[in-house]
Amino acid sequence: MPSTKVNLNKEKNVPNKRYFSEEKKDMISGYMYIAPFFIIFALVGLYPTIYSIFLAFQDWNGLSPMEFVGLENFRVVLMDDLFWKSVYNTIVIGLMGTAPQLVIGIILAFLLNLGFLKFKQFFRVTIFMPYITSMVAVALIFSVLFSNHESSMANYVLGLFGFDPVDWATSEWGTKIAISIMVFWRWVGYNTIIYLAGIQSISNDLYEAATIDGANKFQQLLYITMPLLKPFILLTVFFSTVGALQLFAEPTVFLGSSAFTRDEAMTVVMYLYRDAFRLQSFGTASATAVILLFIIIIAAAVNLLLTNRLGRKKRSAK
Amino acid sequence: MSQRVKKKKPSLSRVLIYSFLTLASLLSLFPFYWMFVMATRPSAAYNSIPPTITPGGMLVENFKKVLEQINFFQSMWNTVIVCATVTIVVLLISSLAGFAFAKFKFPAKNALFVAILLTMVIPPQLGLIPQYYLISKAGLLDTLSGVMVLFFLNPLGIFLMRQYISESVPDELIEAAKLDGCSNFKIYRSIVLPIVLPAFATLGIIVFTAVWGEFLWQFTVLRDPEVYTIQVALASLNNTFKVDFGMLLSGVFWATVPLVIIFLFFNKLFISSITDGAVK
């Protein structure tokens, strides 16, 4: 008897019951499949982030007990001339290293997309190739190209144009220019590829129509390519800004043994690293990290604002 | 019409365009070539004016000097282990999570997805000090696991996988498999995984090259030359007051050659991985 009862029940409820259990199963699977990320994030992402903010209000050298000091760490950092020097260095190197990339990148992408161009793949591959070298490798190669020696490649080329040799590794502008050039060299191909993808998403009809109307290539670049490329430009500006604010490997490796003792090219992250791992001052280092977060948020907000404004313009134009 | 326009075009502009692109290519390639030249020359070659621009005969000697300074092959191997492990783990975590976000319904799904995207905004330096202490307390300082664990977090991977799975895995296929009694994990293993393999290539390249080149975290966790990854080992070559440039660039050259070869073979994949990763 019981068996038939069960059977009856089953038959009756099959669609209903199955639907319900499938839904529940999906829910459980869903949570299980996304759990690994959240577990690891909680452990090595969220917890350290919160702990950093906590540390920013403590005096701590890593060994002795922590001591709550309120805003003292922020005061120390914000009163430190070296901190402001590092902010200045970061912004100057960031601008010199990334802004020219955008202009040259767009021009290169536009040229690489020209219909008549031969050896397209060759140009594309060679221009992109610097990106695959690691930042350490780039910094080391450039530390030799741009060394203080009178006979370094950079000084030799300057000499050909009649300029005096520059102390690339030790002077205020020499270091900044050398580091900016290596940032430019490594990333311009990357941005070119992104712009190229953007350009290829623009319909050819527009160019054809413009050609018929008598617009030359330069006018086409200015009035068709540039406006339609704006979302891609904003994307790369965003990446470049955030990346530039986090500059660390290039100056550190380029300067080698004098990286943390000289201030010509010390970036904010280098300042943070020096506080933490050279001076064992974890409180001020954490305060610097929090300040850096604010700088990045401000930069990101400015970017977002630009994106929004662009979106609105587009919509109203429609 | 367009043909006539093309024929009429003055060849001067084309010459300019080709010259500009050739110059850009040369400038892109020159540091690679220069690195090779220096790797084959004695350090003294550096003092000659004009600078030497042809290769010499010290390719092997310079590399021997590198081997005296750093444990080159061990460091390369360490990097390969870190990159391969991280790539595999990230692919698995991302495809599972991407599958869940693309095909399952569960409460707070969208909020959780946005949360994952938001974690991308946290600059990696913010948690550096506690992360260092966490790793040191767990006894993972100077270990490759200590390096890896941080790289397992890859929100971009989950984002890309969700895009890809929702576009390319048909709902009907999943429904049909469910009617056949397949468990969700079986669906993941035998339906989703084969379909997302091309996306694995893209994401794999992004992750592998990112981890290969990362410096700050590896530099922080690895202090013992025995466990140096290649980036930290190379950086240590430049850490003395007087550097032998031939030796230095020989190290960089041999550490870069494998990557260049892989790149030249798979350059289309490399280049499309950038646009897939950035444009989507």
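User: Which pattern does chain A follow, read along the sequence?

Analyst: Bear in mind that this is a predicted model. Start with the order of the elements: chain A runs α-β-β-α-α-α-α-α-α-α-α-α-α-α. That gives twelve helices and two strands.

User: What share of the contacts in chain A joins residues 24 or more positions apart?

Analyst: Here you count contacts with a separation of 6 or more, and 65% of those in chain A come from residues 24 or more positions apart. As for burial, 50% of the 318 residues count as buried.

User: Let's zoom in on Thr126(A). Is it buried or exposed?

Analyst: Buried means under 20% relative accessible area. Thr126(A) has 4% relative accessibility, so it counts as buried. You'll find it in helix α4, residues 120–128 of chain A.

User: Which residues does Thr126(A) touch, leaving out those up to four places away in sequence?

Analyst: Look across to chain B: Thr126(A) touches Ser25(B), Ser28(B) and Leu29(B). With Ser25(B) there's a side-chain to side-chain polar contact of 2.8 Å. Back in chain A, a polar atom of the Thr126(A) side chain lies 3.0 Å from the backbone oxygen of Phe123(A).

Notes:
Residues are numbered from 1 along each chain as its sequence is written. Chains are lettered from A and ligands numbered from 1 in the order in which they are written. This is a predicted model: local features need pLDDT of at least 70, side-chain atom pairs count only at pLDDT 80 or more; totals for chains, interfaces and linings use all residues. Side-chain values use heavy atoms; hydrogens and water are left out. Helices (H or I, at least four residues) and strands (E, at least two) are DSSP runs, numbered from the N terminus. Buried means under 20% relative accessible area, exposed over 50%, partly exposed in between (1.4 Å probe, protein chains only). Contact means heavy atoms within 4.5 Å. A polar contact is a pair of N or O atoms within 3.5 Å; within protein, one must be able to donate a hydrogen and the other to accept it, and residues adjacent in sequence count only if both atoms are side-chain atoms.
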